[in-house]
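The sequence and the model are shown first, and a description by region follows.

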Amino acid sequence: MYKQNHLSNIRVVLSHTTHPGNIGAAARAMKAMGLSRLYLINPRHFPDPQASAMAAGADDVLQNAVVCASIDEALDGVVLTVGMTARQRDISNEVSVPREAMPQVVQQAQTLQVALLFGTEMSGLTNEEASRAQMLVNIPANPEFSSLNLAAAVQVISYELSVAAQNYQPVEQSLQPAAHQQVEGFMSHLEKTLHEIGFFTTQNPARMMQRLRRLYARARPEADEINILRGILSVTTEYNGRLKARYQQEKDV
């Protein structure tokens with residue numbers, strides 16, 4: 001018997017889908033395993049008759065799908081994002097397999113919003129999209145032919161979620177991680193501050209920010225901790241401004 005109260009907190013996010021049939025097939029895979037919340041980031045064709053045909057009875061999932069203009073919109077309110085990857089990345093979090101990761105997803109979804117993030121059919125998640133995930137998952141496949149159809153990947157992950165939900169034993173959660181938009185606000189604040197204090201003078205800003213994202217993804221700070229960190233950044237910026245002003249005064253004397 002599915003634990004719908006847990007699965008209802010899980011959204012499947014498909015980014016920049018090019019083939020409408022894959023959207024419909026993914027909706028069918030979701031509904032068969034008890035998932036219902038579908039988010040689409042800039043799909044090339046949607047709504048589309050081919051999507052409806054491939055849904056094969058999961059029309060309600062398609063009708064309730066949320067179409068978003070950006071990844072931040074799709075992840076609004078989420079506290080855990082699990083990115084699906086089929087390749088090794090230069091900078092990434094530790095990569096898990098579905099059998100290990102899905103019990104953690106179900107546990108988080110007991111009280112929190114979780115997103116399963118899938119990339120486009122041709123190339124998967126971009127590095128920027130993958131950097132928004134706190135966990136990366138790879139479906140083990142034939143190393144000589146590891147490419148899975150998008151809907152097939154959704155089916156595998158949905159099945160593993162269903163198994164994890166059926167075997168789930170409630171565990172009291174003490175950790176309440178900050179939501180996606182709070183983390184993104186902090187990361188923007190951090191990057192702006194590092195620019196202002198000259199930290200990037202000898203650094204590659206984009207690469208350094210990827211590494212910092214990985215660090216904070218592992219830490220998964222709570223909302224109060226994010227506020228503390230942003231307070232530190234504000235004081236740092238203020239102090240740096242006073243130093244610059246003093247230097248300018250001394251220079252003008």
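Strands, as the term is used here, are DSSP runs of E with at least two residues, numbered from the N terminus. R11 lies in one such run, strand 1. The model described here is predicted.

## Overall division

The protein chain is divided into domain 1, residues 7-166, and domain 2, residues 180-252. Between the C-alpha centres of domain 1 and domain 2 the distance is 32 Å. The two domains also touch: 17 residues of domain 1 are in contact with 10 residues of domain 2.

Strand 1 has parallel pairings with two other strands. With strand 6 it forms 5 bridges, and V12 stands opposite L116 of that strand. With strand 2, residues 37-41, it is likewise joined by 5 bridges in a parallel arrangement, where R11 stands opposite R37. Helix 2, residues 20-32, belongs with strand 1 and strand 2 to a right-handed β-α-β unit.

## The surroundings of R11

Is R11 buried or exposed? Its relative accessible area is 4%, and because the limit for a buried residue is under 20%, R11 counts as buried. Beyond residues up to four places away in sequence, R11 touches R37, Y39, A74, L75, D76, V78, Q113, V114, A115 and L116.

R11 and L35 are 24 residues apart in sequence, and their C-alpha atoms are 7.8 Å apart in space.

## Strand 4

Strand 4, residues 80-84, is mostly covered, with 5 of its 5 residues buried. L80, V82 and M84 point one way from this strand, and T81 and G83 point the other way.

Which strands does strand 4 pair with? Strand 6, residues 114-118, runs parallel to strand 4 and is joined to it by 4 bridges; in this pairing T81 stands opposite A115. Strand 7, residues 135-137, also runs parallel to strand 4, with 3 bridges between them, and M135 in strand 7 is the bridge partner of V82.

## The nonpolar cores

The largest nonpolar core holds 40 residues, of which I10, L14, L38, L116 and F118 touch the most other members. Helix 8 supplies the largest share of this core, with 7 residues. Another core, of 13 residues, lies apart from it and includes V183, M209, L212 and L233. In soluble globular proteins, nonpolar side chains tend to be buried together.

Leaving aside neighbours within four places in sequence, L116 is in contact with I10, R11, V12, V13, V82, M84, V105, I157 and L161.

## I157 in helix 8

I157 is placed in helix 8, which covers residues 150-166. With a relative accessible area of 1%, I157 is buried. Apart from neighbours within four places in sequence, its contacts are M84, P98, M102, L116, F118, V137 and I139. I157 and E73 are separated by 84 residues in sequence and by 23 Å in space, C-alpha to C-alpha.

## T193 in helix 9

T193 is found in helix 9, residues 180-196. Is T193 buried or exposed? T193 is buried, at a relative accessible area of 2%.

A polar atom of the T193 side chain lies 2.9 Å from the backbone oxygen of H189. Not counting residues up to four places away in sequence, T193 touches L233, T236 and T237. One of these residues, L233, is also among the members of the 13-residue core.

Conventions
Residues numbered from 1 in each chain as written. Predicted model: local features only at pLDDT ≥ 70, side-chain atom pairs only at ≥ 80, totals over all residues. Heavy atoms only, no water. Buried < 20%, exposed > 50% of the residue type's maximum accessible area, 1.4 Å probe, protein only. Contact = heavy atoms within 4.5 Å. Pairing = 2+ DSSP bridges. Right-handed = clockwise from strand over helix to strand, strands pointing away. Core = buried A, V, L, I, M, F, W, Y, C linked by side-chain atoms within 4.5 Å. Polar contact = N/O pair within 3.5 Å; in protein donor to acceptor, adjacent residues only side chain to side chain. Domains from an automatic or database assignment.
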